[in-house]
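I opened this entry to keep track of what I looked up. The structure comes first, and my notes follow.

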Amino acid sequence: MNKRMIITATAAVGVLALAGCSADAEPASTESPAAEQAGGSGAEIVVWTDAEREEALSAAAEAFEADTGATVTLVQKNFEDLRNDFITQVPTGEGPDITVGAHDWLGALVTAGVVDTIDLGDKTDDFEDVAVEAMTYDGQLYALPYSVETVALVQNADLVGEEIPATWDELVERGLEVSDRPIAVNTEGETGDGYTMYGFQTSFGAPLFTQDETGSYSNEVAMGGENGEAFAQWLSDNSPSGTGYLSTTIDYDINNELFNSGEAPFTIQGPWALSTYTDVDNIVVGPIPSAGGETASPLVGVQGFYLSAQSKNALLAQEFLVNYLSTEDAQRTLYEADPRIPALTSLADEVASDPIVAGFLAASQNGVPMPSIPEMGDVWDLWNGAEVQILNGADPASTWNTMVENLEATIN
Amino acid sequence: MSTQLSSPSRPRGASHARSWSGRGAGFLVKLLLMALVNALGIAAILAAWSAESWIVLGATVVLTAAADVVYFTKRALPLKYLFPGLSFLLVFQIFVFGYTGYIAFTNYGTGHAGSMEQAVDAALIQDEKRVEGAESYPLTVVERSGELGFAIVDGDQVRAGTTEEPLAVVSGATIGDNGTPATVPGYDVVPRAEVLSDTDLQQQVVSLRVPVSDDAEDGSIRTREGSTGSVYTSSLEWDADAQTLTDTSTGLVYEASVDGKFRASDGSELAAGWYVGVGFDNFVRAVTDPDLRGPLGQVTLWTFAFAILSVASAFGLGLLFALIYNDPRIRGRAIFRTLFILPYAFPAFMSALLWRGMLNSEFGIINDLFFFGANINWLGDPFLAKVAILWVNLWLSYPYWFLVCTGALQAIPEDTLEAATIDGAGRFRRFRSVILPQLLVSTAPLAISSFAVNFNNFTLIFMMTEGGPSFGGSTALGHTDILISAIYRISGVQGGSADYGLASALSILVFIVIGIISAISLRQTRKLEEMN
């Protein structure tokens, strides 16, 4: 009899699993048909969020629910999964009305046709320019930004003083006084990390893509030519076969260990790494010094809220975004839940009373939005790979130019 | 006989779950369980119905009905045992495989994610822009003889209109406390609460456009959230019959192409496309596209080398240690054996990460301790990275073979060995002619499955090198990428430009390769058995 029970139970599980397939593994509460049938006061919007923002969102949602009588259902997901899940599930009708996301997904979301435009109206001016620019694609605004993040120069003030070096040479000179490794720059080991290195690259005047006057990127690769070669040469000069200040032996953990132990008095890192610097008493943060003479512009990442193109409650969702999540209170709650530089200017100025936040803010104001065009997806591997090859001793100019040519071939 | 022992009252051969004989408890339990199965089946059918996934619905109906037939008829006794396994096979293997197969024949990926209808929606959304410098007007949704419209506050005037009727000044309208029109003569005001709570009404309001004037070029009022409106213009027009989008400002006609894009005669494309069937294109591309063919060829070679060398080296080392530590003269064999198993007990991805750190050319302990601090770039050099990966995989998997071989050795009967000794066989002869053949009978199938596992050993590759160092050139793939990690990168799941169609096609090729190899080698091992 036991055997029979097990058999029947497994059959039941089999049928259950099939039912699971039909629902595409989403919690049952997010099913849109429920909202569809509900006339009257039962309208519902579904918001996908990551763990850090869930609580902050529920505070804004409560006020919204009280005012409109609608329900806001928060579905928590891993931040890394949001992008692909949004692209694959919105077309099937299983997607949310709103999702949290990063601005560099925008190109992929637009080509997949899954995001709606939003209109902040006069509120647009309340946000940092770089944040609005980042969420703008082809002249249209697609998301409500809430935070801005970037890497900056982080220095150990006990070793090299409070003053931020203006140039790479000055940094090296001051760094060498206390250590033979003046700076730790993460290359993700042998993977390469063009993101961290980008401030130095732009200081040679070799940006990834050309930008028009509104800040929108074209798909024209701009890091070739003389400026790109100069940057490649600089990488090579500082590789282990040159000065050795840069090497592919440094990954995120080693980078933080070197800085924390004082072995490297400078590093290029984002606010997320600061919590690991427990042994450094005096941290000063500032803009990345120029290595090639021009302003060093790091890549700025912006986080925001996207609206689904297939939302059945678009009006309600827009209302929630534009009139509830954009308020200073809501943005402050978001900041308190996860302290990143706020995209709302008034709030950013307020929290910039903390010198470290002010340092990152200053670095981000020098920065440019990370390109969100879909072509960026092709860039990373080739770009990182070329930097690693140069650091490992390949001929700088030819390696760099080959990479640019290959990239152009892939994109077109 | 056991049936008779447990319930002597029933006739021989009758199951106690079939009818109310004896105490009837068996039948009751079966009835309850089947009720549960049916309830779940019906729930699944309803869920599939509302999600409009007809294939799932059909499969659920068939499975539930089959379950009832199988368990309530007297015949089909073997099926009662086979049915659960068969349904698992259907759900977890055939469905997944079939779906992968389906995707492999489409161009599903970046730029081809939804249906054509959705691509049109997206194109229209992306095209409609707010007129530069246009004001935001406080707005109210109004209604006249069943037709929706907008009333806006423009300066100190209220203007109202519908889709058919452009905005016109309405005299005698009042403005509410929140700044939007409160009463509009000639129109009924739709309260905002009603708009927000009614999904159908919301969709009508969102898609409602009220022209500003008789001239369509001036644009239309549109609202996003129902309380403010602004002037928008749109230049794309969708012609459903011709399946074309026409840009009225430039005159370009975007036609639906067979590969799922809207393309104009000058070659320009709209951003969003849809996915279409592409036949064998993905398979053909994998072997003909020069950007893919070269790197994939190298990746395939390395995948075979990696899988074969991993199994051979770990098997060899495991067997050697098993032979040595099987000798009864060694004291504390139990302790040694336990120690040998340790690497096997660590999670593989942790070990791989640890080794990655230890192999770091500047800070790693390997170079410091064993190579006098030389800066050997283990993970950055194509050849050394391969050696490092094989070494770490050997370290990770030889304990498994040590275990398996120890077990197999102990299962070899002592008397055959004694007989061999009496026949004058030396140590080597005994190993080659008696131990090894018997050992292979039980371990060869394991070696084949281990080959298949290593063929798809994604964890190790990704934790150690992420496929690097890169080949360079226009490919993202690298010298230590095996097929499965190459497929992962091509699929774009980690954030690059995605091509699920190609990735699915490649997975099917990998499946076929592994299937063929397993089939051939299993047939070979059967010969081994016959030999004994």
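**Confidence**

I began with chain B of this predicted model: its mean pLDDT (the predictor's confidence in each residue, from 0 to 100) is 85, and 94% of its residues reach 70 or more. Residues 1-10 of chain B have a pLDDT below 50, and this stretch has eight contacts in the model beyond near neighbours in sequence. I count two residues as in contact if their C-beta atoms, placed from the backbone, lie within 7 Å. Where pLDDT is low, the predicted coordinates should not be read in detail. For the complex, the predictor gives an ipTM of 0.76 and a pTM of 0.78.

**Conventions**

Residues are numbered from 1 along each chain as its sequence is written, while chains are lettered from A and ligands numbered from 1 in the order in which they are written. As the model is predicted, local features need pLDDT of at least 70 and side-chain atom pairs count only at pLDDT 80 or more, whereas totals for chains, interfaces and linings use all residues.

**Chain B against chain A**

I looked up the contact between the chains: 83 residues of chain B are in contact with 77 residues of chain A. On the chain B side, helix 2 (residues 25-51) gives the most, with 15 residues. Helices (H or I, at least four residues) and strands (E, at least two) are DSSP runs, numbered from the N terminus.

**Domains of chain A**

The domain assignment, automatic or from a database, gives chain A domain 1 (34-149 + 301-369) and domain 2 (152-297 + 374-411). Their centres, taken over C-alpha atoms, are 30 Å apart. The contact takes 20 residues from domain 1 of chain A and 17 residues from domain 2 of chain A. Helix 15 of chain A gives the most to the domain 1 side, with six residues.

**Helix 8 of chain A**

Which residues of helix 8 (residues 168-176) of chain A are buried? I found A:W168, A:L171 and A:G175; buried means 20 or more other C-beta atoms within 10 Å of a residue's own, exposed 12 or fewer, with C-beta atoms placed from the backbone. Seen down the helix axis, the buried residues fall within an arc of 60 degrees, so they line one face of helix 8 of chain A. The face turned away carries the exposed residues A:D169 and A:E173. The cover over the buried residues includes helix 7 (157-160), strand 8 (183-184) and strand 11 (266-269) of chain A.

**A sheet in chain A**

I traced an open sheet of four strands in chain A, in the order 8-11-7-12, with mixed pairing. Two strands pair if DSSP finds at least two bridges between them. Strand 8 and strand 12 (283-286) of chain A are the edge strands.

Terms used: Arc of directions from axis to C-beta.
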